[in-house]
Amino acid sequence: MTGVIEQKLTAQGIVLHEPASPVANYVGFVRTGNLLVVSGQVCFDAEGKLVAKGKLGADVSIEQGNAAARACAINLLAQLKAALGDLDKVVRVVRLGGFINSTPDFLDGPKVMNGASDLMVAVFGDKGRHARTTVGVASLPADAAVEVEGLFEVA
C-alpha cells in the first residue's frame, strides 16, 4: 500500500520516475543522521526533456520558470523516494536552494521558485514549509532554466 504522501502525489497527477543519475563526480543524495541532502535537480521531465530551457528575463517567462521549478521539486521527491523508500519518512522540508538561469536584471526569481515551494507545501502540508534561498545565475547545466537542491529532516 502506498503512503499518505504518495497518495497526495497521485491525487495531483504526479508520478515519480526513476531519478536521474549524477553526471559528474557526486552522488544524488547524502544522509547524515536525520538529515538528507539532495543534490541540485535540474528541470527535466520524466522523459529526460527540459521543461524550460534558457534564461528568465529573456526567452523564458515567469510561468515557464515556475513550471520548471515545480519539475525540479518532483525530481527532488524522486531522489527522496530512492533514498528512503517511503516519502512518509520525511519529517520536515528544512531548506530549498534555487538557482535561476537569468539575465542580470531579472528580479522575479522568488516568483519562479514558488513552483518548487508550493509543491512541497501541497504535498507535505505544514511540514513542507521551509527556509529558502533563490539565486540568479549566469548559466546552468544543459541550459536548464532552473535547478533546485534540498535539505530534509527524515526518520
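This is a predicted model: local features need pLDDT of at least 70, side-chain atom pairs count only at pLDDT 80 or more; totals for chains, interfaces and linings use all residues.
User: Which residues should I click on to find the largest pocket, and which elements give two or more residues to its lining?

Analyst: Go for A20, S21, Y26, V42 and F44, which lie nearest the pocket's centre. They belong to a lining of 22 residues. The elements that give two or more residues to that lining are β2 (35-42) and α2 (62-84).

User: What sort of residues make up the lining of the largest pocket?

Analyst: Eleven are nonpolar, eight are polar and three are charged.

User: Next, charges. Is E147 buried or exposed?

Analyst: Buried, and here "buried" stands for under 20% relative accessible area. E147 sits in strand β5, residues 146-154, and has no salt bridge. For the nearest side chain of opposite charge you have to go 11 Å, to R95.

User: How do I read a salt bridge, and how many does the whole structure have?

Analyst: Check for a side-chain nitrogen of Lys or Arg within 4 Å of a carboxyl oxygen of Asp or Glu. A search of the whole structure turns up four. One of them joins E6 and K81, with N to O at 2.6 Å. That pair links distant parts of the chain, 75 residues apart: E6 is in helix α1 (residues 4-11) and K81 in helix α2.

User: Which salt bridge involves R95?

Analyst: R95 meets E149, at 3.3 Å from N to O. This pair also links distant parts of the chain, since E149 is in strand β5 and R95 in strand β3 (residues 90-101), 54 residues apart. Both ends count as partly exposed: E149 has 26% relative accessibility, and R95 has 28%.

User: And what does R129 pair with?

Analyst: With D126; their closest N and O atoms are 3.3 Å apart. R129 is partly exposed at 46% relative accessibility. D126, at 59%, counts as exposed because the cut-off for that class is over 50%.

Terms used. Residues are numbered from 1 along each chain as its sequence is written. Side-chain values use heavy atoms; hydrogens and water are left out. On a 1 Å grid over the protein atoms alone, a cavity is a set of points where a 1.4 Å probe fits but cannot get out, and a pocket is an open set with protein on both sides within 12 Å along at least five of seven lines; lining residues have an atom within 4 Å of a point. Helices (H or I, at least four residues) and strands (E, at least two) are DSSP runs, numbered from the N terminus. Ala, Val, Leu, Ile, Met, Phe, Trp, Tyr, Cys and Pro count as nonpolar, Asp, Glu, Lys and Arg as charged, and the others, Gly among them, as polar. Buried means under 20% relative accessible area, exposed over 50%, partly exposed in between (1.4 Å probe, protein chains only). Lys and Arg count as positive and Asp and Glu as negative; His and the chain ends are not counted.
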